[in-house]
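Please look at the sequence and the structure together before reading on.

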Amino acid sequence: MRTMSSPWARFYSNSCCLCCHVRTGTIVLGVWYLIINSVVLLILLSALTDPDQYHLPSADLGGEFEFMDDANMCIATAISLLMILICAMATYGAYKQHAAWIIPFFCYQIFDFALNTLVAISVLVYPNTVQDYLRQLPANFPYKEEIMAVNPTCLIVIILLFISIILAFKGYLISCVWNCYRYINSRNNSDVLVYIATNDTAVLLPPYEDPANAASKDPPPPYVSA
């Protein structure tokens, strides 16, 4: 008999990176994001305590604005704290096998993937914005003249190829986290079903069939037809 299965079941796998389990991969990914956001948070906090060290004058940026003001620094610090919380929840959820704790990190991955996709679409639809962005860069920006000397069509192709590789890598990480969520969720559901089945067997067992009461209980009387 042919069994019905979800069309997404073919993408489900318990392994990632061809060498480790999806649960281990999610833990490693969560720790990696946790380290990155912790480093960013330390840089932001040091910039808040000593603004002159990270202050870039407007002359160096080629515009009449500051690189990071206090409001933007506070917003970036709050985002870093939120990301540390989300990454810690994903790591703890994968380690302790709590599927619900992985959902915020999975939603962040979807949001990040959507933003990168919008960037790729904007570059494809409005290719002239790349040249405008390069012209707005500071004069002392590394390799600015070399990048602007590249053929605009080739530059767009290189940028789209680079973004496509990033999107493919992010999509693979999303699938790993999703497979980890499915693995933990199905494992927890199977444990609950086994527990319920075991308790139902113990509750529904008749008294005269219980081994502990076999010697003290008499079997039911035979059925006598009228």
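## The chain as a whole

The model discussed here is predicted. The protein chain has seven helices and two strands. In sequence order, these elements form the pattern β-β-α-α-α-α-α-α-α.

How much of the chain is buried? Of the 226 residues in the protein chain, 24% are buried. The accessible surface amounts to about 16,400 Å², and carbon and sulfur atoms hold 68% of that surface.

The contacts of the chain can also be sorted by distance along the sequence. Several of the residues described below give examples of contacts between separate parts of the sequence.

## Residues of helix H1

Helix H1 spans residues 22-49, and Thr 26 is located in it. Is Thr 26 buried or exposed? Thr 26 counts as buried, because its relative accessibility is 1% and buried means under 20%. Apart from residues up to four places away in sequence, Thr 26 touches Ala 94, Cys 176, Val 177 and Cys 180.

Leu 29 also belongs to helix H1. With a relative accessibility of 11%, Leu 29 counts as buried. When neighbours within four places in sequence are set aside, Leu 29 is in contact with Phe 105, Gln 109, Leu 173 and Val 177. Val 177 is therefore a partner of Thr 26 as well as of Leu 29, where contact means heavy atoms within 4.5 Å.

Leu 42 is a further residue of helix H1. Leu 42 counts as exposed, because its relative accessibility is 58% and exposed means over 50%.

## Pairs separated in sequence

| Pair | Separation in sequence | C-alpha distance |
|---|---|---|
| Leu 29 and Thr 91 | 62 residues | 8.1 Å |
| Leu 42 and Thr 77 | 35 residues | 9.1 Å |
| Asn 116 and Ile 163 | 47 residues | 7.5 Å |

## Residues beyond helix H1

Asn 116, named in the table, lies in helix H4. Asn 116 is buried, with a relative accessible area of 19%. Which residues does Asn 116 touch, not counting residues up to four places away in sequence? The partners of Asn 116 are Ile 163, Ile 166, Leu 167 and Lys 170.

Gln 97 is located in the loop between helix H3 (70-96) and H4. Although Gln 97 is not a glycine, it has a positive phi of about 60°. Gln 97 counts as buried, at 19% relative accessibility.

Gln 131 is part of helix H5, which covers residues 128-135. Gln 131 counts as buried because its relative accessibility is 14%, and the limit for buried is under 20%. Apart from neighbours within four places in sequence, Gln 131 makes contact with Pro 152 and Leu 155.

## Cysteines

How many disulfides does the structure hold? The number is zero. Cys 180, a partner of Thr 26, counts as buried at 0% relative accessibility.

The structure contains one cavity of 30 Å³ or more. The volume of the largest cavity is about 50 Å³. Which residues line the largest cavity? The lining consists of Tyr 33, Tyr 108, Gln 109, Asp 112, Phe 113, Lys 170, Leu 173 and Ile 174. Helix H4 (103-125) and helix H7 (152-204) are the elements that give two or more residues to this lining. Of these, H4 gives the most, with four residues.

By class, the lining comprises five nonpolar, one polar and two charged residues. Gln 109 and Leu 173, both in the lining, are contacts of Leu 29. Lys 170, another lining residue, is touched by Asn 116.

Technical notes: Residues are numbered from 1 along each chain as its sequence is written. This is a predicted model: local features need pLDDT of at least 70, side-chain atom pairs count only at pLDDT 80 or more; totals for chains, interfaces and linings use all residues. Side-chain values use heavy atoms; hydrogens and water are left out. On a 1 Å grid over the protein atoms alone, a cavity is a set of points where a 1.4 Å probe fits but cannot get out, and a pocket is an open set with protein on both sides within 12 Å along at least five of seven lines; lining residues have an atom within 4 Å of a point. Grid points are joined across faces, edges and corners, and a volume is the space filled by probe spheres set on the points. Ala, Val, Leu, Ile, Met, Phe, Trp, Tyr, Cys and Pro count as nonpolar, Asp, Glu, Lys and Arg as charged, and the others, Gly among them, as polar. Buried means under 20% relative accessible area, exposed over 50%, partly exposed in between (1.4 Å probe, protein chains only). Accessible areas come from the Shrake-Rupley method with a 1.4 Å probe; for residues, only the protein chains shown count as cover. A disulfide is a pair of cysteine sulfur atoms within 2.5 Å.
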